[in-house]
Amino acid sequence: MLTCPATEMVDGSRVLYFEQAFWRSPEKPFRQRFYMVKPCPKEMKCDVELSSYAIRDAEEYKNFCDRQKDQRPQAEEVIADIAEHLTTIHLSRCGRGKRCLYEGSTPPEGFPNNWSGASYCTSDLSIHKNGEVHIWDKGFDDEGNQVWGTKAGPYEFKPAPKSKYDDMFSPLNFSAPLSLEKKLDKAYVIDDQ
């Protein structure tokens, strides 16, 4: 899992490019998204709003984070390529004594999804103090039966060794207090236990 800054919106929201690939073939991502990150609206009981969007021309963005900035689609193009809204997760700071920094989920009713027989999907996300990111995406049919996603628990993404992705970083620093200004100097690999 690689995430890197793509652009910033006029309202201060940050747009991140996200891709997932198998570690044996990182140049061939199987999932690509834009994430829009911003503080939660004041009326919400959360700290960070994380919304995912499809990418209009995903092929053009393959290995976006690996490229030099002048070889990437530029800010205006990124904004134009933000397509269908997929999900929104509201994250809150974790309480004292917990392993996580932030955690959250989609609403229980989830978001519309028609992949592989699903009619809706849900997501749970936690960002841990040790740099791990845990994501549990599940798809359900009209009767509430799970049709895709793991049943035993979330995928656990562990920070990649620094020497592997020296130039990779995530602009999210989920340490308390939340700062969208700082950068976390890590890329992530899935723990395929």
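**Figure 1. Arginine 14 and its salt-bridge partner.** Arginine 14 is buried, its relative accessible area being 16%, in a model that is predicted. The side chain of arginine 14 meets that of glutamate 8 in a salt bridge, with an N to O distance of 3.7 Å. Glutamate 8, by contrast, has a relative accessible area of 44% and is therefore partly exposed, whereas arginine 14 falls under the 20% limit for a buried residue. This contact belongs to a set of eight salt bridges that the structure holds.

Figure 2. Glutamate 103 and lysine 98 form a salt bridge in which the closest N and O atoms are 2.7 Å apart. Both partners are partly exposed: glutamate 103 has a relative accessible area of 31%, and lysine 98 stands at 36% relative accessibility. In a further salt bridge, lysine 158 pairs with glutamate 156, and here the closest N and O atoms lie 3.7 Å apart. Lysine 158 counts as partly exposed at 25% relative accessibility, and together with Glu132 and Glu156 it takes part in a network of salt bridges.

Figure 3. A search of the whole structure gives nine aromatic pairs. In one of them, tyrosine 17 and tyrosine 61 have ring centres 6.2 Å apart and planes at 25°, and the pair is stacked because this angle is under 30 degrees. Tyrosine 17 belongs to strand β2 (residues 14–20), while tyrosine 61 sits in the loop between β4 (48–55) and α1 (75–80), so the pair ties together parts of the chain that are 44 residues apart in sequence. Tyrosine 61 also pairs with phenylalanine 64, with ring centres 5.8 Å apart and planes at 35°, so that this second pair is tilted. Tyrosine 17 and tyrosine 61 are both buried, tyrosine 61 having a relative accessibility of 0%, and phenylalanine 64 is likewise buried, with a relative accessible area of 1%. Ring pairs link these residues with Phe34, so that the cluster is made up of Tyr17, Phe34, Tyr61 and Phe64.

**Figure 4. Charged side chains over aromatic faces.** Arginine 72 lies over the face of phenylalanine 64, at a distance of 4.8 Å from the ring centre.

**Figure 5. The disulfide between cysteine 4 and cysteine 65.** Three disulfides are found when the whole structure is searched, and one of them joins cysteine 4 to cysteine 65, with an S to S distance of 2.2 Å. The link is left-handed, with -95° about the S-S bond. It connects distant parts of the chain, since cysteine 4 is in strand β1 (residues 2–8) and cysteine 65 in the loop between β4 and α1, 61 residues apart. Both cysteine 4 and cysteine 65 are buried.

Figure 6. Cysteine 40 is joined to cysteine 46 by a disulfide with an S to S distance of 1.9 Å, and the link is left-handed, with -115° about the S-S bond. Cysteine 40 has a relative accessible area of 12% and is buried, as is cysteine 46, with 14%. Another disulfide joins cysteine 94 to cysteine 100, at 2.0 Å from S to S, and this link too is left-handed, with -115° about the S-S bond. At 15% relative accessibility cysteine 94 counts as buried, and so does cysteine 100 at 6%. With the bonded cysteines of the protein numbered in sequence order, the pairing reads 1-4, 2-3, 5-6.

**Figure 7. Confidence along the chain, and the segment of residues 163–193.** The mean pLDDT of the protein is 83, and 83% of its residues reach 70 or more. Over residues 163–193, however, pLDDT stays under 50, although the model has 79 contacts beyond four places in sequence for this segment. Where pLDDT is low, predicted coordinates should not be read in detail.

Technical notes
Residues numbered from 1 in each chain as written. Predicted model: local features only at pLDDT ≥ 70, side-chain atom pairs only at ≥ 80, totals over all residues. Heavy atoms only, no water. Phe/Tyr/Trp six-rings, centres within 6.5 Å; stacked < 30°, edge-to-face > 60°. Helix = DSSP H or I, 4+ residues; strand = E, 2+ residues; numbered from the N terminus. Buried < 20%, exposed > 50% of the residue type's maximum accessible area, 1.4 Å probe, protein only. Lys NZ or Arg CZ within 6 Å of the ring centre and 35° of its normal. Disulfide = S-S within 2.5 Å. pLDDT = per-residue confidence, 0-100. Contact = heavy atoms within 4.5 Å. Salt bridge = Lys/Arg side-chain N within 4 Å of Asp/Glu carboxyl O.
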